[in-house]
Amino acid sequence: MAKRTIVPFGPQHPVLPEPIHLDLVLEDETVVEAIPSIGYIHRGLEKLCEIKDFEQMVYVVERICGICSFGHGWGACASMEGALGVEVPERAEYLRTILHELGRVHSHLLWLGLMADGFGFESLFNHCWRIRETVLDLFEKNTGGRVVFSICKPGGMRKDISNENLQEMVRILNGLKAEIKEITDVFIEDSSVKNRMTGVGVLTKEEAMELCAVGPTVRGSGVRQDIRLTGDHGVYKELGFEPCVEEAGDCMARTVVRIREIFQSIELIEKAVEMIPDGPVDVKVPKKVDGEFAIRLEQPRGEAFYYAKGQGTKFLKRMRVRTPTNINIPALVKMLAGADLADVPILVLTIDPCISCTER
Amino acid sequence: MDKITAVQDFEYVELSNLISKVSDLKAEGYRLVQICGVVLDDETYEILYSFDKDHQLKTLRLDIKIDVDEVESITGIYWPAFIYENEIHDLFGVQFNHSQLDYQGTFFRIVEETPWKPKK
């Protein structure tokens, strides 16, 4: 038997913008076991519900992550609206769906860039992020923010987006499709990319389900699991949503799921803009919360769980957020076992880890 | 819209029945969604175990006495539960027994020990 060595990976590593640590147990250059370690920057944001009222907590929850901040704000609002017994206007649900899908386009383009950077394809990284800038410009024009938007509030939306602006958004996104296809084709067809991703980090359908994986990580393993199917949030049922699923279970399959989701999100935005009704975008909400409500959203990285519990005052007793990266870490540990040491950075990136979310 | 569609399926479970109930859910094909702690009062925590089957959420409520009750780990049934059990241990001070991956209080590097635990 080869001699076993333990190589520490992280918490600082070129592919990691945020700290996570893995103890990699190696036999020669093969990983036989990986022990994850997080908690370097746990911020305790959930505990702020003791000193921030429920409306202020939306600002806090949005700041869990700078990539899927809109979704976090929406999830927090939806859980509070459920606890308050408030039904939001239909136009607000359409606007939330549109901005959430725009966030998915931005998040997946960001991830594609990071992945390209991870396997050393710098020009591809630059092109992914160049295109993403246009998406951020759309956010800025329609919400006023590029990272944190604060446009969602309990009861609906803080401001409306005009139909003209929505149509312009569709026009710009449709114009981006050709450019996105050009760069995503490189991910799918370039031999150097295929060498790094095809057949690497295979997670079977059974393993993905056993490890409770979520998002593109589980859909890349052939599992039709997407919280948008529940109809619990947004207008996905009205839009006729069907998730993107790939069967191979390797890094390439997870990449293809995300690429397909970029185009799907643009189509969903286009349909939503066609169907959006006129009307108000918010309703008044009670000033005290005295119920509880659990709801899930399909964030770009997968299922996120939000739970709000009131206590008859303006402060919540509990605001719980379980982010997708939390529950994809066990799947990552499984993928790493048997992998080459050189593939570890690619495998870490393949779950699209967000440590900011994990360390909420 | 959220209010109408998101079904709230909460069910109480006794500490002595936790493992058999969770085993039953696993056998029925449920996936573990999350576990979290809630401070009910100075003496009681509520642990919420959420599961999913066919996109329907089901949550078990377990009430435990702070500093008195210890909870059997469900990592033998759902291994990924170690993420949540270690988190609840470090933040709330709940003891989970027979965990398959116990970080023994080092999961989170936090300045204050068990910050969610009510101050006596």
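A residue is called buried here if 20 or more other C-beta atoms lie within 10 Å of its own, exposed if 12 or fewer do, and partly exposed in between, with C-beta atoms placed from the backbone. Helices (H or I, at least four residues) and strands (E, at least two) are DSSP runs numbered from the N terminus. By these criteria, helix α3 (residues 82–92) of chain B is mostly covered, with eleven of its eleven residues buried.

The model is a predicted one, in which local features need pLDDT of at least 70 and side-chain atom pairs count only at pLDDT 80 or more, while totals for chains, interfaces and linings use all residues. Residues are numbered from 1 along each chain as its sequence is written, and chains are lettered from A and ligands numbered from 1 in the order in which they are written. The predictor assigns the complex an ipTM of 0.93 and a pTM of 0.93. For chain B, the average pLDDT (the predictor's confidence in each residue, from 0 to 100) is 91, and 96% of the residues score at least 70.

Back to α3(B): the buried residues include B:F82, B:Y84 and B:F92, but also B:E85, B:E87 and B:D90. Their cover comes from both chains, and includes α11 (324–336) of chain A along with β2 (31–41), β3 and β6 (96–97) of chain B. Just past the helix sits B:G93, with a positive phi of about 80°.

Then there is the nonpolar core, meaning a set of buried Ala, Val, Leu, Ile, Met, Phe, Trp, Tyr and Cys residues joined through C-beta atoms within 7 Å. The largest one has 143 residues, and those touching the most other members are A:M57, A:I98, A:I269, A:Y306, A:L332, A:L336 and B:I47. Leaving aside residues up to four places away in sequence, A:L336 touches A:V31, A:A34, A:V344 and A:L347, where contact is C-beta atoms, placed from the backbone, within 7 Å.

Most residues other than glycine have a negative phi, and most peptide bonds are trans. The bond from A:G10 to A:P11, however, is cis, with omega near 5°; A:P11 lies in the loop between β1 (4–9) and β2 (21–27) of chain A. Phi is positive, near 55°, at A:D352, in the loop between α12 (344–350) and α13 (355–358) of chain A. This aspartate is buried, because 26 other C-beta atoms lie within 10 Å. B:D54 also has a positive phi, of about 50°, and is found in the loop between β3 (44–53) and β4 (56–65) of chain B. With 10 C-beta neighbours inside 10 Å, B:D54 counts as exposed.

Note on methods:
Two residues are in contact if their C-beta atoms, placed from the backbone, lie within 7 Å.
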